Every structure is written in C-alpha cells, then in structure tokens.
Amino acid sequence: MPKETTMPDPDPSFRPIPGFAETLQPGLRRIVANNPSPMTFRGTNTYLLGTDDLAVIDPGPNDTAHLRTILGSVGPDQRISHIFVTHAHLDHSPLARPLAAATRAPVLAFGDARSGRSAVMQQLVARGFTSGGEGVETEFVPDICLPDGAQVSGNGWRITALHTPGHFGNHLCYASEDFLFSGDLVMGWASSLVSPPDGDLTDFMASCQRLAQMPWNRFYPGHGAAIEQPHTRLEWLLKHRKDRETAILNALKMGPDTAHGLTSRIYTDIPTKLIPAAERNVLAHLIDLKSKSRVHHVQELHSDSTFLLV
C-alpha cells in the first residue's frame, strides 16, 4: 500500500467562517458550507447575488445549519427569487429543494443528473459503467431547465447560463457582467475531478477552451477563493491536462497497463486518500485518448480495462 504523504495547504490565506455571509463585492455575498474534505477544500461556496431579489448560486449539501444561515442572510426588504445549481453533485445541489420549499423560489439548472452526458458516456452507462469519486444526487430535477445561453434576470442582476460539461454532464457556469460563477469546472486551489461517466475529459477541455475565448475579470468557483486571473488559470488547467496526457502516453510506452497501474506510476506525491480520484482522472484521459485513436483497450471498456498504445 502506498505511503500517505502530507500535501501543503493549497491556499492558507482562504480561511472562511462557516455560517457567515461575507461580502465579496457590492451585491454579492458568499457563505461557505461546513463540509470541508479533500474533495471540497474548506467547503462548498454558496453565493447570494443581488440587493432586493436574491439569486442563490449553489445552495450546497443538505445541511440544516447551512439552510438556516442562507435564510438568515435575507434582509427584511429582500427575498430569494431564484435558486441556481451548477451541477448535481451531493455537495452542490441537495439543499436546493429544502430552500425552494422555504422560499417558493424555483430551482434552475441545465437538467437532471443524467443530462448533458456525451454520446460516449451514454454508451458506457448503457453497458453498466458506474460513477466514481464524488457522490451524485441521482434524484435531482430542476423546476426550470436552462439551455446554453439562457438569460435570467432579477432586480439589479442578470445571469447567463453557459453549458460547460466536463466535470459533470449537466454542469453550468453562470456569467454576470464581467465575472463568472465557475462551479467545479475551474477552481483555484486544485484541478477539477473528471470522473467518467459523469465527467468527460474531451468535454472538459472544450469547455475550458470556450471560456478562455471570453473576457472575464474574475471567477467565483464552487470551492476556494475567487480567481483573480481567470485566463491564467484556464491556461494552467489546459496545460496541466496536456502534461498529464503526455505522462500517460509515456508510461504506456513501457507496456500495456490499467488505469490503476498507471495511476500508481504517475501519481507518486499525493495522499493515499486522493488516489481513487486520481485513478478516475487517468481513466478519463484514457477514454479521451481512445476517442483520438491514440490508445485502445483489450477488453470491453470498463474501469479495469488494460490499455495499450495504437
């Protein structure tokens, strides 16, 4: 069993207080849920946008204390008018329904937990391929489905939905003026998990490339601090994935291997608890490389398939 190592804190300056609505800029506050973990960093960021009609972006996990904090942050002359969900992972979407019940605000998202999957991932699911890594709220269904480019307005704010699959099929980023609520697609403290069949690396790269073509001043991610140089971060993410692809191809030059075997050879400096997530990322790369005819697999594709260079 590989030895667990201690990784440096990716952002020691980001020390939010759970249960407190912090003002980030005029008309925008952030509440961090008390659900820290290796996958969620300090916790899930819930954003309150607006001054009269409030838009809640990513209500977070099903936590009654977090629900009370959100409701307690609504002033006497304010109301929660819309609840936006970036994607249907358990740390982002489950509180949407209790919050909607308390406020009568509609829940808006791209679609249910199965929406937005690529054709490749749909085929994997049809063959019994199962999710791994972050938990999925399989029963999630929004009240209103937002297609790519849909606009929603409140008193003093306007949000444009951008379908950005990759981390998750139904993932939306939400643009407002020159900033973006980037969900789990782009974060500053870590690269995103891409775990098939919910995550798709081909889609991830396309979504990052799309965002890189747009003028942004700041990203507000689903976890961690605001990203003050979003284009630099996008450039890093794209390069990081390209470097990982190169490492996988180089490892396969030594002979055929599975995602598990490749992970143990490539990821030599991360804690043991993160190895399963790293393995899902490697599998996502292998599926992407298969679509590019760079590798192929011996058996029918599954998590334990053996891959070799074409």
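Visitor: What makes E1 and strand E2 (residues 28-32) partners?
Guide: Three bridges join E1 to E2, and the two run antiparallel. Strands pair if DSSP finds at least two bridges between them, so E1 and E2 count as paired. In E2, Arg-29 is the bridge partner of Thr-23. Strands here are DSSP runs (E, at least two residues), helices H or I runs of at least four, numbered from the N terminus. This is a predicted model: local features need pLDDT of at least 70, side-chain atom pairs pLDDT 80 or more, while totals for chains, interfaces and linings use all residues. Residues are numbered from 1 along each chain, and side-chain values use heavy atoms, without hydrogens and water.

Visitor: Why do E1 and E7 stand at the edges?
Guide: The open sheet has the order E1-E2-E3-E4-E5-E6-E7, with mixed pairing. Strand E1 (22-25) and strand E7 (144-145) each have a single partner strand, so one side of each lacks a neighbour in the sheet.

Visitor: Why is Ala-105 called buried?
Guide: Its relative accessibility is 5%. Buried means under 20%, exposed over 50%, partly exposed in between (1.4 Å probe, protein chains only). Ala-105 therefore counts as buried. Ala-105 sits in the loop between helix H2 (96-103) and strand E6 (107-109). Contacts of Ala-105 (heavy atoms within 4.5 Å) include Ile-80, His-82 and Asp-143.

Technical notes: Lists of a residue's contacts leave out its neighbours within four places in sequence.
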